[in-house]
Amino acid sequence: MKNALIAHVEAKHLKANPPKFEVGDIVDVHQRIVEGDKERIQVFSGTVIMTKGEGINATFTVRRIVNNEGVERIFPLHSPKIEKLEVKRRSRVRRAKLYYLRERTGKATRLKEGAPIVVGETLAAPATEAAPAAETEKK
């Protein structure tokens, strides 16, 4: 339980609509990089292997293989430096943390295909209001 004052201060820095993704998704993280007086966008592509924290402290870890070497980056979810996050492919996983991918290489790192990506998709549970109405019609 957070102090009300701390929660109030943190609320100003939270993103209004944080990106929707899950562990196992293959994502492109577009991050704003400042070099001197120039600013550019750098894309980091990989598999989300974990999420943790809540509120302003929420982070997610993305892993990819570069030159046969595993590279992991931890991104703060509500960071203003993250321009956008694109979900390239959804995967169906049964664990919250995919640490076992660290020991695997090549084809062994593939995950099962998940639900298709729909533009404007939300990860909320579908409304089930129609189901009770269908049961009453049968009677």
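Strand 1 (residues 26–35) and strand 2 (residues 38–52) run antiparallel and are joined by 10 bridges. Strands here are DSSP runs (E, at least two residues), numbered from the N terminus, and two strands pair if DSSP finds at least two bridges between them. This is a predicted model, in which local features need pLDDT of at least 70 and side-chain atom pairs count only at pLDDT 80 or more, while totals for chains, interfaces and linings use all residues. Residues are numbered from 1 along each chain as its sequence is written, and side-chain values use heavy atoms, with hydrogens and water left out.

**Strand pairing**
- Glu 35 stands opposite Lys 38 in strand 2.
- The hairpin of strand 1 and strand 2 has two residues between the strands, and Gly 36 takes a positive phi near 65° there.
- Strand 1 also pairs with strand 5 (residues 82–89), in the antiparallel sense and over six bridges.
- In that pairing, Val 27 stands opposite Val 87 in strand 5.

**A look at Thr 59**
- You will find Thr 59 in strand 3 (residues 59–66).
- Is Thr 59 buried or exposed? Thr 59 is buried, because its relative accessible area is 18% (buried means under 20%, exposed over 50% and partly exposed in between, with a 1.4 Å probe and protein chains only).
- Leaving aside neighbours within four places in sequence, Thr 59 is in contact (heavy atoms within 4.5 Å) with Met 50, Thr 51, Lys 52, Ile 74, Phe 75, Pro 76 and Leu 77.

**The largest pocket**
- The largest pocket holds about 300 Å³ of space.
- Its lining has 18 residues, and those closest to its centre are Thr 47, Arg 64, Ile 65, Gly 106 and Thr 109.
- A pocket is an open set of points on a 1 Å grid over the protein atoms alone, where a 1.4 Å probe fits, with protein on both sides within 12 Å along at least five of seven lines; lining residues have an atom within 4 Å of a point.
- A volume is the space filled by probe spheres set on the points, which are joined across faces, edges and corners.
- Strand 3 gives the most to the lining of the largest pocket, with three residues.
- By class, this lining divides into five nonpolar, seven polar and six charged residues (Ala, Val, Leu, Ile, Met, Phe, Trp, Tyr, Cys and Pro count as nonpolar, Asp, Glu, Lys and Arg as charged, and the others, Gly among them, as polar).

**The second largest pocket**
- About 210 Å³ of space lies in the second largest pocket.
- Among the residues that line the second largest pocket are Arg 92, Tyr 100 and Lys 112.
- The lining of the second largest pocket has five nonpolar, no polar and six charged residues.

Key: Helix = DSSP H or I, 4+ residues; strand = E, 2+ residues; numbered from the N terminus.
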